[in-house]
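Let's take a walk through a protein model, one piece at a time. Have a look at the structure below before reading on.

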Amino acid sequence: MIAKDELKTMSRKELEKLLNDVSKALASAKARDQREARKAAKKAAAEFGFSLGEISETTDAVQKKPKAKKTPRKPSKAIFANPEDKTQTWTGKGRKPNWYLAQIEAGTDPDAMRIENQ
């Protein structure tokens with residue numbers, strides 16, 4: 001094992017070679033660990049009477065469930081209309097429009113602005 005003090009005294013080329021060697025060793029260790037994990041997984045699957053392929057196919061199918069499609073919402077029906085301009089309507093949901101607030105301030109009864117009453 002190389003000590004930190006040794007790393008400080010090494011040249012850039014020596015450090016790059018060491019880095020390359022470490023990268024190769026890491027790749028080799030990872031491949032070895034994957035082989036051993038695959039062997040262990042095959043053995044565990046065989047104990048339950050399955051092959052590793054059967055289990056991975058089932059896992060893939062479970063993970064790839066189709067997402068439910070969202071149905072678009074229908075626009076809400078207008079409940080109130082401006083008595084002065086019938087093209088201005090409001091569903092009664094959300095922020096009150098300025099024309100509605102102005103009519104209320106002027107003393108108009110909200111029921112009088114309902115579309116069903118008109």
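## Before we start

Helices here are DSSP runs of at least four residues, numbered from the N terminus. Keep in mind that this is a predicted model.

How many salt bridges does the structure hold? There are three. As background, side chains of opposite charge can pair when their charged atoms come close.

Let's start with Lys17 and Asp21, which both sit in helix H2, four residues apart, or about one turn of the helix. Their closest N and O atoms are 3.1 Å apart. Lys17 counts as exposed because its relative accessibility is 54%, and the cut-off for exposed is over 50%. Asp21, at 34%, is partly exposed.

Arg12 and Glu16 form another salt bridge, with 2.9 Å between the closest N and O atoms. These two are also four residues apart in helix H2 (residues 12–47), so about one helical turn separates Arg12 from Glu16. Arg12 is exposed, with a relative accessible area of 59%, while Glu16 is partly exposed at 42%.

## A pair further along

Asp111 and Arg114 form a salt bridge too, and here the closest N and O atoms are 3.3 Å apart. Asp111 is partly exposed, at 40% relative accessibility. Arg114 also counts as partly exposed, with a value of 30%.

Now hop over to helix H4, which covers residues 98–105 and has Trp99, Tyr100 and Gln103 buried. Why are these three on the same side of H4? It's because they cover an arc of only 100 degrees around the axis. On the face turned away from that buried side, you'll find the exposed residues Asn98 and Glu105.

What do the buried residues of H4 pack against? They pack against strand S1 (80–81) and strand S2 (89–90). Zoom in on Gln103: it counts as buried because its relative accessibility is 11%, and buried means under 20%. Leaving aside residues up to four places away in sequence, Gln103 touches Asn82, Pro83, Glu84, Thr108 and Met113. After H4 comes Gly107, which has a positive phi, near 100 degrees.

## A nonpolar patch on the surface

Last stop: Ile2, Leu7 and Leu15 make up a nonpolar patch on the surface, and together they have about 210 Å² of accessible area. One of them, Leu7, belongs to helix H1 (residues 4–9). Leu7 is partly exposed, at 34% relative accessible area.

Methods:
Residues numbered from 1 in each chain as written. Predicted model: local features only at pLDDT ≥ 70, side-chain atom pairs only at ≥ 80, totals over all residues. Heavy atoms only, no water. Patch = residues over 30% accessible without salt bridge, like charges linked within 9 Å, V, L, I, M, F, W, Y side chains within 5 Å. Areas by Shrake-Rupley, 256 points an atom, 1.4 Å probe, with all protein chains shown as cover. Salt bridge = Lys/Arg side-chain N within 4 Å of Asp/Glu carboxyl O. Buried < 20%, exposed > 50% of the residue type's maximum accessible area, 1.4 Å probe, protein only. Arc of directions from axis to C-beta. Contact = heavy atoms within 4.5 Å.
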